[in-house]
Amino acid sequence: MLRAADIFASGMMLQREKPIHIWGTAQRGEQIGVTIQGRQKTTIADDNGNWSIQLDNLHASGQETLTIQGADEVLVFEEIAVGDLYIAAGQSNMEFWMRYEPHYKKEREKCDNPGIRFYDVPKLAYVGQEEDFDYSRMGIWRKASKEELQFFSAVGYYFARQLEKELSVPIGIIGCNWGGTRSGAWMTKEHAEIVEPEQVEAFRKSLRGQSYEDFCKKAGKNPANDSGKSSWDAFTEFILPRTPSQEEIDAFFGKEEGEKGSEDQEEAQPQAAPGCLYQNMVLRIAPFSVRGVLWYQGESDDEEEGAAVRYKEALDTIMDDWRSAFLDEKLPFFIVQLPGFRSWLGVENRNYSIIRQKQQEATDADEHAYLCSISDVGEEFDIHPKNKKIVGIRLALLALKYLYDKDVPADPPRFRNAEKTGNLIYLTFDHVGEGLTVDGEKIEALQILADGQEIAYTWNVSGEGIRIELEEEYKESVIDVRFAKEAWYQVNLYNQACLPAVPFEVVCENVISRI
């Protein structure tokens, strides 16, 4: 029986100006021909019935037909757009649906646009999960419309909307994400065992002595593993549209005031298995041709002691593994740096500052990775910042600058160096444009410490930097400048493009020093 991979369907989008990979299954030795935009290629199914064809570059288009011809069968996919495709990947902040985004109702009234499309990869963590539960509402190509908008990744939609408006070509988003997942699940199992040993060990313990194979056999009988739900569940409807109070949360879960949850060891979750999401979700769509990856993940890497310090290596590994899977060694990654946050539903911010630093180090070290700062939009007691519009637009600015060579301000202010003379400290920054601005009467999240004790200072913004005046010289003290290093903050230091400054820390010597 002739079949194409599940991602190929009517209403889909294909990538322009890059080789197109099309694959599927057929009878062993069957000749397969693929035709679109007047281009045609043929191949022969191998001994296992697998076939794959690479087409030459396609030009942008809003209406195409893809024909796949076998010996006795033909597949015809219609209403295909050709434009630029991006994968929206990571945790729940990337999955966060338009249905719950604060601008949704207003956006819904004007969203009809067949040039913006969305595909959600089924959330599958083990072989056979697709047969255990109903996934009929996932793995669908949708067009931006009043009826379908609620299913879009909010970050992905606003990113696509901005690019489609600026470029006048179709833009597609492939949602490949799962809330609460750790980095070790998004790389190969072999690499996870090396890069994220704490996560691997935590999953092994959660199996409670049973083999992984036996665990997977039982997983389908546990309704908690139904990740293909066909309707919005009560918890999602309660927790995502707004930030409920602790009293409301206790009432939802039926807890009395002060009552604590179970202290039992957490049961194994299929999506926590090392390499499982790479194997069952990423490889499900690879090597589908795409333009880039939007990555918003890292919160759950704060859960296991020791894992946060490995996050640079985790990101490096994910980028390498995905580039290998998608046959593109230069595949761009746009990394959303985690914002300030304190606690939510028992989740505590322990080491986000380390994860942020590792995110910055990973992007700095990778020629094809870019950092998106959202240091001004976090919420103190909600792990889900609700304003996704600003995140999508800032990601779009980075793509416009670095992938499309548009002259737009896209980079957030980044600390460059510190000079200290007497009781004066001058901090300078890159990417300030016409200068820095402060939205308020003081610079939020900026601390000056002398030998570990916070000290008072006055400040003013001057050109590319900030001039800080201390009460005295502190000649014998170590002066430490920290910006956005606490668990909770909302940055109000911007460049002229209203992009918020990236967290940093620097130690100033008692003589002029450039750091």
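**Figure 1. Overall fold of the predicted model.** Of the contacts in the protein with a separation of 6 or more, 74% join residues 24 or more positions apart; contact means heavy atoms within 4.5 Å. This is a predicted model, in which local features need pLDDT of at least 70, side-chain atom pairs count only at pLDDT 80 or more, and totals for chains, interfaces and linings use all residues. Residues are numbered from 1 along each chain as its sequence is written, and side-chain values use heavy atoms, with hydrogens and water left out. The protein has 13 helices and 26 strands. These are DSSP runs numbered from the N terminus: helices (H or I) of at least four residues, strands (E) of at least two. Along the principal axes, the C-alpha atoms fill a box of roughly 85 × 55 × 45 Å.

**Figure 2. Surface and burial.** The accessible surface comes to about 22700 Å², and carbon and sulfur atoms account for 45% of it. Areas come from the Shrake-Rupley method with a 1.4 Å probe; for residues, only the protein chains shown count as cover. Of the 515 residues, 55% are buried. Buried means under 20% relative accessible area, exposed over 50%, and partly exposed in between (1.4 Å probe, protein chains only).

**Figure 3. The largest nonpolar core.** This core holds 134 residues. Phe8, Ile68, Ile174, Phe288 and Trp322 touch the most other members. Strand E8 (residues 74–90) gives the most to this core, with 10 residues. A nonpolar core is a set of buried Ala, Val, Leu, Ile, Met, Phe, Trp, Tyr and Cys residues joined through side-chain atoms within 4.5 Å. Another core, of 27 residues, lies apart from it and includes Leu436, Leu470, Phe483 and Ala484.

**Figure 4. Surroundings of Phe288.** Neighbours within four places in sequence are left aside here. Phe288 is then in contact with Ile7, Phe8, Met12, Met13, Leu14, Trp23, Leu85, Trp141, Ile174 and Phe326.

**Figure 5. The Arg182–Glu304 salt bridge.** The structure holds 35 salt bridges, each a side-chain nitrogen of Lys or Arg within 4 Å of a carboxyl oxygen of Asp or Glu. In the bridge between Arg182 and Glu304, the closest N and O atoms are 3.2 Å apart. Arg182 lies in the loop between strand E11 (171–177) and helix H5 (189–195), and Glu304 in the loop between strand E12 (292–296) and helix H11 (311–325), so the pair ties together parts 122 residues apart in sequence. Arg182 is buried, at 16% relative accessibility. Glu304 is partly exposed, at 23%.

**Figure 6. The Arg342–Glu380 salt bridge.** The side chains of Arg342 and Glu380 meet at 2.7 Å, N to O. Arg342 sits in the loop between strand E13 (333–337) and E14, and Glu380 in the loop between strand E16 (369–373) and helix H13 (389–402), 38 residues apart. Arg342 is partly exposed, at 35% relative accessible area. Glu380 is partly exposed as well, at 23%.

Figure 7. Arg3, Asp6, Glu130 and Arg284 are linked in a network of salt bridges. Arg16 and Glu17 form a salt bridge (3.5 Å, N to O). Arg16 is buried, with a relative accessible area of 12%.
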